[in-house]
2 protein chains.
Amino acid sequence: MVDLPTGNAVIGQSGGPTAVISQSLVGVIEGLRAGLVEQGKVKHIFGTRHGVRGIAKGHPEELIDLTGISPARLERIARTPSAALGSTRDKPDEAYCAQILEGCRDNDIRYFFYIGGNDSADTCRIISEKALELGYEMRCFHVPKTIDNDLRENDHTPGFPSAARFVTLAHMGDALDNASLGGIKINIIMGRNAGFLTASAALAREMRETDPDPAGRPAPHLIYVPEVPFVMDAFLADVDAVYSKLGRCQIAISEGIRDADGNEIGPQLMGSGEVDAHGNVQLSGSGALGDGLASILKKGLTPAGGKSLRVRADTFGYLQRCWPETSVIDAVEARGVGRHAAGLAAGGDSGASVTIIRTSNAIDNYRSAYGRAELSAVARHARHVPEEFLLGRNNVSPAFYDYCQPLVGDLPEFERL
Amino acid sequence: MVDLPTGNAVIGQSGGPTAVISQSLVGVIEGLRAGLVEQGKVKHIFGTRHGVRGIAKGHPEELIDLTGISPARLERIARTPSAALGSTRDKPDEAYCAQILEGCRDNDIRYFFYIGGNDSADTCRIISEKALELGYEMRCFHVPKTIDNDLRENDHTPGFPSAARFVTLAHMGDALDNASLGGIKINIIMGRNAGFLTASAALAREMRETDPDPAGRPAPHLIYVPEVPFVMDAFLADVDAVYSKLGRCQIAISEGIRDADGNEIGPQLMGSGEVDAHGNVQLSGSGALGDGLASILKKGLTPAGGKSLRVRADTFGYLQRCWPETSVIDAVEARGVGRHAAGLAAGGDSGASVTIIRTSNAIDNYRSAYGRAELSAVARHARHVPEEFLLGRNNVSPAFYDYCQPLVGDLPEFERL
């Protein structure tokens, strides 16, 4: 029998929301009810509004009591995209952490669950260490979430499969639109440091296409991720090669593409300097990177006959992370990681981040399981698209198709004339 | 017994594609098979690639023979978004029309079907008149299509319900994202002259909200259509009123908003001057309008405490017209207008544009029928959002909800904490 503290639990959601982040919230609540609440170790389950803001003493947000919420209502909350509790990009410093701990003490919080990405895992780690330092017994757990898919120790992260499904479906429809009217189409996709989401555009091809000639591939003809240095001249040459053969070209580009020196292309074209609490320049919520690249293509490529080139750019933006129709597997796993976190707590664990492990990738028999990692193994560090998933400077490999297809799920089948 | 010419039929698709435009193509084919082909009046059904380009003599595109295509394949083509035959924005002049007529003669085309918006109806009208002038017997039919919903004589147009569904679902998800992190969110929506698609964002509210105070409405709090003059100071005041009360504000804005003098705001902020064959400045495929408005809000509104304002803009772009998951009613009606055009041909009609008439709007008993109008009644003219659908300078009326909800179909139900 493990020795567990008795008190209350709190759950928070942090960072960019996803379409399934509230599945994880509901998973933690269900897991607690079946375990620690049942055992009398948890009296109240609180939700903290807007991440740590709701629990930190002196901050304007509040806690809400989730203990008695009905299973039917929980089910509806789980199916609602985005963070039901609200989110935050606050990155607590020393003083802020002290306020959080004070808030936890005041509310007799003994179990702390934080749903988010690697910045959130780091917040969780700091709070866990701070509590230990102060001799305040509180078990801390990080529940993974990020459409960027960039958490270490995880095969993939909840939120990514749904965002990848959106990006795939968007490219499927958009490729047909591009084929109808011709010209060059740029699609800018979220993912500052990791290109997984951009790479998922390849699934729109409805086949595993690895032709070294981009004009020999179905759309998207070209895929550019942050992991491969983006060289403007090579980009122009790639697009020209496709356009001059096909009269059209669909391009998937990560918002986080960077040059050979590692400098992001976006801010170079945007002239924008808005920086968040984590020191990141704002890339999303602006069409400037796409428009800048479109303008470079219009100037740099001259079509035969001197006709003006039709170049269009769409920046998929926030729809990628909030589109209401999710990947089926994603919804199940996002719920699962929440439940698993509560299970770890009931088993006496602490300082843990829940992980997803793929246990089978057999065709039509994808399976996953949940594990745990130390918070420090997940916190802050970013995972990148591994080399084996990439092919040349503008494509993905067969291994990436194997990896991504089961997560995205069944796709519509299109017919062409 | 009507006296009908014997020969071949041609079908073309023109203008901006929609998610259901190939339903109409298949509808015409099915209608011809059941009628004029069956009666021996039509020998071959041709598709013209990229609108009139495929039929016009001397143009590089071609005709393809659709006569023998299997019903199963037709069904898959119908369910595939965008123009299966390809599309065009070519606006035929006198010489081009002569080439089209020559192509029609060469291929013994006696039935001409053109699927498109009001520019396409006009092309169809000119060709019809030209044929008459030359004494070449050819029956011409326009099949309606446009996400802008701006065709006269129609209750609504195929393509609009699916695009409106996309815009609604996008605002539903995005409103929750905006509520999670706060700040101001601008969504730019297609529709150069008509605000129907922008207005459909109101359906995301999950209720008929007509509160004169925008802060009292669920998101989207503010809706701006081209039919209501856009006054920058009023816009700033509207956004400030919502943001200062709620700490957030979701705004749906048409790409076609214009000032009190009727000048479009987009080009004023964009500095872009690309013009298509119909004399329209490029508005879509660029994030410049949204970014420009975001920048004006950041400069014009100063939040309490001197903190920088979080303003994000998404331009929904081409996904609005090519998203693969369509409105159920839209798919049915897009097929229906195609079949009806073939039916009109079999009945001896010519120079007609198929129309959609709403015959019942009773709750859960929406019904529509198909009619016909003269090509000249539909060609060129644009329809606008009627005054009775608008409320004040930034909202829609109960009558608009009544109008739009049956078209968009069932929506997911969300739960909030």
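**Exercise 1.** Determine how many residues of strand β8 (residues 248–254) of chain A are buried, and which strands pair with β8(A).

*Solution.* A residue is buried if 20 or more other C-beta atoms, placed from the backbone, lie within 10 Å of its own. By that criterion, seven of the seven residues of β8(A) are buried, and the strand is mostly covered. R248(A), Q250(A), A252(A) and S254(A) point one way, C249(A), I251(A) and I253(A) the other.

Next, take the partners; two strands pair if DSSP finds at least two bridges between them. Strand β6 (residues 183–189) of chain A pairs with β8(A) in the parallel sense over seven bridges, and I188(A) stands opposite I253(A). Strand β7 (residues 222–224) of chain A also pairs with β8(A) in the parallel sense, over three bridges, with L222(A) opposite I251(A).

The model is predicted: local features need pLDDT of at least 70 and side-chain atom pairs pLDDT 80 or more, while totals for chains, interfaces and linings use all residues. Residues are numbered from 1 along each chain as its sequence is written, and chains are lettered from A and ligands numbered from 1 in the order written.

**Exercise 2.** Describe how helix α3 (residues 94–106) and helix α4 (residues 118–133) of chain A pack.

*Solution.* The axes, lines fitted to C-alpha atoms over the stretch in contact, are 10 Å apart at an angle of about 70°. The helices are therefore roughly perpendicular, a class covering 65 to 115 degrees.

Then list the contacts, residue pairs whose C-beta atoms, placed from the backbone, lie within 7 Å. C97(A), I100(A) and L101(A) of α3(A) meet I126(A), I127(A), K130(A) and A131(A) of α4(A).

Key: Axes are lines fitted to C-alpha atoms, for helices over the stretch in contact, and angles run from 0 to 180 degrees between N-to-C directions. Helices (H or I, at least four residues) and strands (E, at least two) are DSSP runs, numbered from the N terminus. Angles under 35 degrees count as roughly parallel, over 145 as roughly antiparallel, 65 to 115 as roughly perpendicular and the rest as oblique. Two residues are in contact if their C-beta atoms, placed from the backbone, lie within 7 Å. A residue is buried if 20 or more other C-beta atoms lie within 10 Å of its own, exposed if 12 or fewer, and partly exposed in between; C-beta atoms are placed from the backbone.
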